[in-house]
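Have the structure open as you read.

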Amino acid sequence: MSSKNSEILISKGFILCLMILLLNDFFLKYHFHNRLTGKLSDFVGLFIFPLFMCIFFEKRKLIYILTAIGFIIWKSPFSTLVIHFWNDFAFWQINRVIDYTDLVALLVLPISYYYKPKDVKFSLRTTKYFSVVIFLITCFSFLATAGTHGRIKNYAYSKSKKEVNKAIKELFKLHPEYIVPDSLRKYTIEYSGNKGEAFKRMTNDSVSFHMYIPGSKKGSIFWCGFVGRNDNWENNECQLSFIGICNADNVRFYDDQLTSIEKQKATTIFQKNIIFRIDSILHIKRNF
């Protein structure tokens with residue numbers, strides 16, 4: 001790795017943005033889940049991505065132009081078919097939500113373009129090894145940002161969000177035990193239900209189900225969220241993402257906090273009690 005490339009990778013600005021990207025994707029998004037955490041990864045990601053690509057290619061201006069175009073396509077319906085094709089055949093899945101307000105992050109590109117890393121002050125050997133470590137961490141961060149980390153499993157529907165929502169309401173009527181009780185309502189993420197009012201609160205993209213895990217004395221809350229599969233998923237195709245579990249002691253478990261056995265057990269319970277029954281209401285046959 002040349003000294004010029006090392007200078008980019010171990011510069012203070014690059015490392016700071018890389019740390020923010022990892023912190024936001026693996027901690028802040030899950031614990032706060034607001035507009036700031038939603039946009040933060042886009043800003044810092046767009047700052048370091050073109051700098052990272054400059055390691056491999058010399059045409060700096062072209063890299064930034066292509067980065068801007070690529071980000072616009074990524075945040076638009078044009079990338080939907082590619083994402084679906086990839087997820088149907090690849091072991092590692094990618095995901096994104098279409099939100100045109102994310103394009104405001106493009107404002108960081110000029111700052112990144114004129115960013116000048118300071119001279120490397122480490123020894124040649126230290127610089128080389130440190131650069132390799134940062135290089136690998138950066139690759140991981142880009143894959144994680146586009147991936148479905150934090151989601152235990154995704155379930156695609158050819159139905160619209162309205163239709164799936166209607167099926168969930170019907171599921172609650174058939175199985176009122178799934179409604180999160182008042183005593184546990186404070187432990188839910190964005191959705192809570194009342195026995196007679198369970199559906200009036202379903203005004204966002206998250207929904208919680210109260211279920212019992214065999215061998216557990218207390219019920220756990222399984223929560224999932226709606227994800228768009230195109231630019232108009234309210235009336236077209238949508239996707240349900242199994243996000244995590246919250247037990248009665250308000251301990252929340254995400255994808256990276258569960259062992260493979262725990263994840264498999266939770267997924268089996270969720271699919272049997274929720275997804276299978278939603279599919280049955282919608283007259284859908286799915287092979288798990």
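## A pair that bridges the chain

Let's start with Lys-39 and Asp-102, which form a salt bridge with their closest N and O atoms 3.1 Å apart. Lys-39 sits in helix α3 (residues 35-53), while Asp-102 belongs to the loop between α5 (80-89) and α6 (109-113), so this pair ties together parts that are 63 residues apart in sequence. Both Lys-39 and Asp-102 are buried. Please keep in mind that this is a predicted model.

Why might such side chains find each other? Side chains of opposite charge can pair when their charged atoms come close.

Which other residue forms a salt bridge with Asp-102? The partner is Lys-75, and here the closest N and O atoms are 3.0 Å apart. This pair also links distant parts of the chain: Lys-75 is in the loop between α4 (60-74) and α5, Asp-102 is in the loop between α5 and α6, and 27 residues separate them. Lys-75 and Asp-102 are both buried.

If you step back, you can see a network of salt bridges that links Lys-39, Asp-42, Lys-75 and Asp-102. Searching the whole structure turns up 4 salt bridges.

## Arg-286 and Asp-279

Now find Arg-286, which forms a salt bridge with Asp-279. The closest N and O atoms of this pair are 2.7 Å apart.

Are these two residues buried or exposed? Arg-286 has a relative accessibility of 23%, so it counts as partly exposed. Asp-279 has a relative accessible area of 2%, and is therefore buried; the cut-off for buried is under 20%.

## Where two helices cross

Finally, turn to helix α8 (residues 161-174) and helix α9 (residues 260-281). Their axes come within 9 Å and cross at roughly 110 degrees. Angles of 65 to 115 degrees count as roughly perpendicular, so that is how α8 and α9 are described relative to each other. The crossing of these two helices, α8 and α9, is right-handed.

Which residues make the contact? From α8 come Val-164, Ala-167, Ile-168, Glu-170, Leu-171 and Leu-174, and from α9 come Asn-273, Ile-274, Arg-277, Ile-278 and Ile-281. Sorted by class, the contact of α8 with α9 has 8 nonpolar residues, 1 polar residue and 2 charged residues.

Terms used: Residues are numbered from 1 along each chain as its sequence is written. This is a predicted model: local features need pLDDT of at least 70, side-chain atom pairs count only at pLDDT 80 or more; totals for chains, interfaces and linings use all residues. Side-chain values use heavy atoms; hydrogens and water are left out. Axes are lines fitted to C-alpha atoms, for helices over the stretch in contact, and angles run from 0 to 180 degrees between N-to-C directions. Helices (H or I, at least four residues) and strands (E, at least two) are DSSP runs, numbered from the N terminus. Angles under 35 degrees count as roughly parallel, over 145 as roughly antiparallel, 65 to 115 as roughly perpendicular and the rest as oblique. A crossing is left-handed if the near helix is turned anticlockwise from the far one by less than a right angle, and right-handed if clockwise. Contact means heavy atoms within 4.5 Å. Ala, Val, Leu, Ile, Met, Phe, Trp, Tyr, Cys and Pro count as nonpolar, Asp, Glu, Lys and Arg as charged, and the others, Gly among them, as polar. A salt bridge is a side-chain nitrogen of Lys or Arg within 4 Å of a carboxyl oxygen of Asp or Glu. Buried means under 20% relative accessible area, exposed over 50%, partly exposed in between (1.4 Å probe, protein chains only).
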